[in-house]
Amino acid sequence: MNNILSSTSHRLEILPDEIFLEIFKYLKPIDLHSFIGHNLRINNIIHGSFLPNQFIRLELCYPCEALDLHSYTQLRSLKFDCIFLLEQQFDQVLTVTLPYLEQLSICNVSYSFGKELLLLILDSKHFPSLKFCQFSGKFYYMLDFNKLYQLPNLTIRTLLLGKWNASMLGPLLNFLPNLHRFETSFSESINESLHFNMYHTSIEHLRISLMDVFNDLEKILPYMPNLKQLRVTGKIPEHSISKNFENLSKILCVHTPDLQKFDCELYCHGCNEQADILIIQQFHPLFNLIQCHLGRFLSQCYTTDLTTHTTLKEFAYFNPTRNDTAEYCEEIHRCNSGKYYNDDHNSINSGLDYRTIYKENYLSLLWNRNDNDY
């Protein structure tokens, strides 16, 4: 047996470097890293041929002490979960400059670290080529755009925020005049001015979770006249369901004349009478896919793109204090394939304390998704 193993080892050793390189190209970084230390020759092949500045895509899904982001100067895509960042790597994220980075996905961001990081991302100095940004955490971040920025960010085309404050929607979008796709979740109704200073003619895709769907949409949609795709999630007030959908159809006709696709996920308590779905479908041409699914205690979900009633989400919408990024759980799960989705072509010190708080208080969320929709 030992002779067979020795013979196999010798046969591997006689392979030329080019064959090793071809084999290593098919390995994940974590598997490639396991070859380091086997012998001097393989070490030289890996270190000499797989240098950090040769990588254009990096996903950090496990702790890696050797990772130095400052070395990956050619990255086009970066994705990481803050749970796995080591102390020195938090500092790297806040100081690294990646001039060619186009896609940035960050998961499980705490409040203090997230606020500082979001400032850097939107300021565009560290990531001047950034087009796609996904930023998910348990909190929203209050930023003073008037004091912090001189010029708007002209590069970001897609922005996915796990949660945002309704009063800061206007300032955020004002700062991103070329934004094409926007996704976020609000945990409060919109009861004040949104402070928009212009119409956002570039926004064509909106995916949003609202507490008061019909009233909130009436306040938001007038500023997005060129919207082509809309998906809205939330709850239906405890009165006539049909009347709410009729009002929604009027809002869409007035404010989104070019809308081509409408999806919804709207929940209501069982005390509401079930509406005639055929009547709802006739209110607007884009309502023809709406179906009603019954949940526990005759609660209802009116949706275009779900096949069953999701009780967990319904509970989140009727209990705002528990409403967080878990609302996007099915979207988050979908991204773990690594494929690009394309529709139109607390005061905590950095380092180990962050990871401890995450594991104690947060669900471990998977990635939302990559997105090529620039």
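Ser 124 lies in the loop between helix H6 (111–123) and strand S4 (132–137). Helices (H or I, at least four residues) and strands (E, at least two) are DSSP runs, numbered from the N terminus. The phi of Ser 124 is positive, about 70 degrees, although Ser 124 is not a glycine. Most residues other than glycine have a negative phi. At 24% relative accessibility, Ser 124 counts as partly exposed. Buried means under 20% relative accessible area, exposed means over 50%, and partly exposed is in between (1.4 Å probe, protein chains only).

This is a predicted model, in which local features need pLDDT of at least 70 and side-chain atom pairs count only at pLDDT 80 or more, while totals for chains, interfaces and linings use all residues. Residues are numbered from 1 along each chain as its sequence is written, and side-chain values use heavy atoms, with hydrogens and water left out.

A second residue also has a positive phi. His 195 is not a glycine, and its phi is near 60 degrees. Look for His 195 in the loop between strand S6 (181–185) and S7. His 195 has a relative accessible area of 46%, so it is partly exposed.

Now take in the whole chain. The protein chain holds 14 helices and 13 strands. Of its 374 residues, 49% count as buried. The accessible surface of the chain comes to about 18300 Å². Carbon and sulfur atoms account for 54% of that surface. Such areas come from the Shrake-Rupley method with a 1.4 Å probe; for residues, only the protein chains shown count as cover.

Next, see how helices pack. Two packed helices are described by the angle between their axes and the distance between the axes. Start with helix H5 (residues 87–95), which packs against H6. Their axes are 9 Å apart, and the angle is about 30 degrees. Axes are lines fitted to C-alpha atoms, for helices over the stretch in contact, and angles run from 0 to 180 degrees between N-to-C directions. H5 is therefore roughly parallel to H6. Angles under 35 degrees count as roughly parallel, over 145 as roughly antiparallel, 65 to 115 as roughly perpendicular and the rest as oblique.

Which residues of H5 and H6 meet? From H5 come Phe 90, Val 93 and Leu 94. From H6 come Phe 113, Glu 116, Leu 117 and Leu 120. Contact means heavy atoms within 4.5 Å. By class, the contact of H5 with H6 has six nonpolar residues, no polar residues and one charged. Ala, Val, Leu, Ile, Met, Phe, Trp, Tyr, Cys and Pro count as nonpolar, Asp, Glu, Lys and Arg as charged, and the others, Gly among them, as polar.

Move on to helix H9 (residues 213–220) and helix H10 (residues 241–255). Their axes come within 10 Å and cross at roughly 10 degrees. H9 and H10 are therefore roughly parallel to each other. H9 brings Phe 214, Leu 217 and Glu 218 to the contact. H10 brings Asn 244, Phe 245, Leu 248, Ile 251 and His 255. The residues of this contact divide into five nonpolar, two polar and one charged.

Which residues of H9 are buried? They are Val 213, Phe 214, Asp 216, Leu 217 and Ile 220. Seen down the axis of H9, these buried residues fall within an arc of 165 degrees, so they line one face of the helix. The arc is that of the directions from the helix axis to the C-beta atoms. Their cover includes helix H8 (169–174), strand S7 (205–209), strand S8 (229–235), H10 and strand S9 (261–268).

Follow the chain out of H9. Asn 226 sits in the loop between H9 and S8. At 26% relative accessibility, Asn 226 counts as partly exposed. Leaving aside neighbours within four places in sequence, Asn 226 is in contact with Thr 201, Ile 203, Glu 204 and Asp 258. Pro 257 is 31 residues from Asn 226 in sequence, but 7.7 Å away in space, C-alpha to C-alpha.

His 205 belongs to strand S7. Is His 205 buried or partly exposed? At 3% relative accessibility, His 205 counts as buried. The C-alpha atoms of His 205 and Asn 226 are separated by 9.1 Å. Along the chain, these two residues are 21 residues apart.

Lys 235 lies in strand S8. Its relative accessible area is 24%, so Lys 235 is partly exposed. Between the C-alpha atoms of Lys 235 and Leu 210, the separation is 7.8 Å.
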